[in-house]
Amino acid sequence: MDRMKKIYSELDTSNPYANMENTMEDLTINQKQAQFESQQFQQSQANILSNMRQAAGSSGVAGVAQALAQQGQLASQRSAASIGAQESRNQTLKQQEASRLQTLERRGDIMSRDMERNKVTTLLGMAQQETAAYQQQQATAQAQGSQAISGAISGVGDVFMTGVESGAFKPKPKPE
């Protein structure tokens, strides 16, 4: 009983959700797509300028260069928007995961307290049953002891009465 109570009292009732790591907090953005689009756009612009220089000569290239520069700004803005969307999504995921972990940790604290309370309640019940058993044993032993004493006194009384009735115990006469 003592060994089992010791094992039971040492059960782990700690928070199973404590110290969890937010796996979303270290998310990164994918810049490869933006870099690839930028490289593709630059190559496309270079090809257009080369073709235009050959077709229109150097005088017509200035207008085309201005148009290409504007397209370059638009492409750069699209890449920045793509990166911004990824960063925003990562922030949202990070915050959602942090919230989920906080909820689990709180739930774990409640579970831990409930398990600890149940353990203490069970140990208290075991101790009360053990105490009641000891008290019952003590009461039984006292009753048996009292019965033995009563039986002994009764036996002595029976012997005395038998002796009186048989005349073995005669009172001594008083000297005068």
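What does the accessible surface of the protein come to, and what share of that surface belongs to carbon and sulfur atoms? The accessible surface comes to about 13800 Å², and 54% of this area belongs to carbon and sulfur atoms. Accessible areas come from the Shrake-Rupley method with a 1.4 Å probe; for residues, only the protein chains shown count as cover.

1. Basis. This is a predicted model, in which local features need pLDDT of at least 70 and side-chain atom pairs count only at pLDDT 80 or more, while totals for chains, interfaces and linings use all residues. Residues are numbered from 1 along each chain as its sequence is written, and side-chain values use heavy atoms, with hydrogens and water left out.

2. Fold content. The protein has three helices and zero strands. Along the sequence the pattern reads α-α-α. Helices (H or I, at least four residues) and strands (E, at least two) are DSSP runs, numbered from the N terminus. Helix H3 covers residues 58-166.

3. Burial and contact range. Of the 176 residues in the protein, 14% are buried. Buried means under 20% relative accessible area, exposed over 50%, and partly exposed in between (1.4 Å probe, protein chains only). Take the contacts between residues at least 6 apart in sequence: 83% of them join residues at least 24 apart. A contact means heavy atoms within 4.5 Å.

4. Salt bridges, overview. The structure holds four salt bridges. The criterion is a side-chain nitrogen of Lys or Arg within 4 Å of a carboxyl oxygen of Asp or Glu. Side chains of opposite charge can pair when their charged atoms come close.

5. Lysine 6 and glutamate 10. These two residues form a salt bridge, with the closest N and O atoms 2.5 Å apart. Glutamate 10 has 53% relative accessibility, so this residue counts as exposed. Lysine 6 is partly exposed, at 48%.

6. Aspartate 114 and arginine 117. Their side chains meet in a salt bridge, 2.7 Å from N to O. Both residues sit in helix H3; because they are three residues apart there, about one helical turn separates them. Aspartate 114 is partly exposed, with 30% relative accessibility. Arginine 117 is also partly exposed, with a relative accessible area of 48%.

7. Glutamate 116 and lysine 119. This salt bridge has an N to O distance of 3.6 Å. Is lysine 119 buried or exposed? Lysine 119 counts as buried, because its relative accessibility is 8%. Glutamate 116 is partly exposed, at 32%.

8. Serine 112. This residue lies in helix H3. Its relative accessible area is 15%, so serine 112 is buried. Which residues does serine 112 contact, leaving aside its neighbours within four places in sequence? They are Thr13, Ser14 and Asn15.

9. Leucine 101. Leucine 101 is found in helix H3 as well. At 8% relative accessibility, leucine 101 counts as buried. Neighbours within four places in sequence aside, leucine 101 is in contact with Met20, Glu21 and Asn22.
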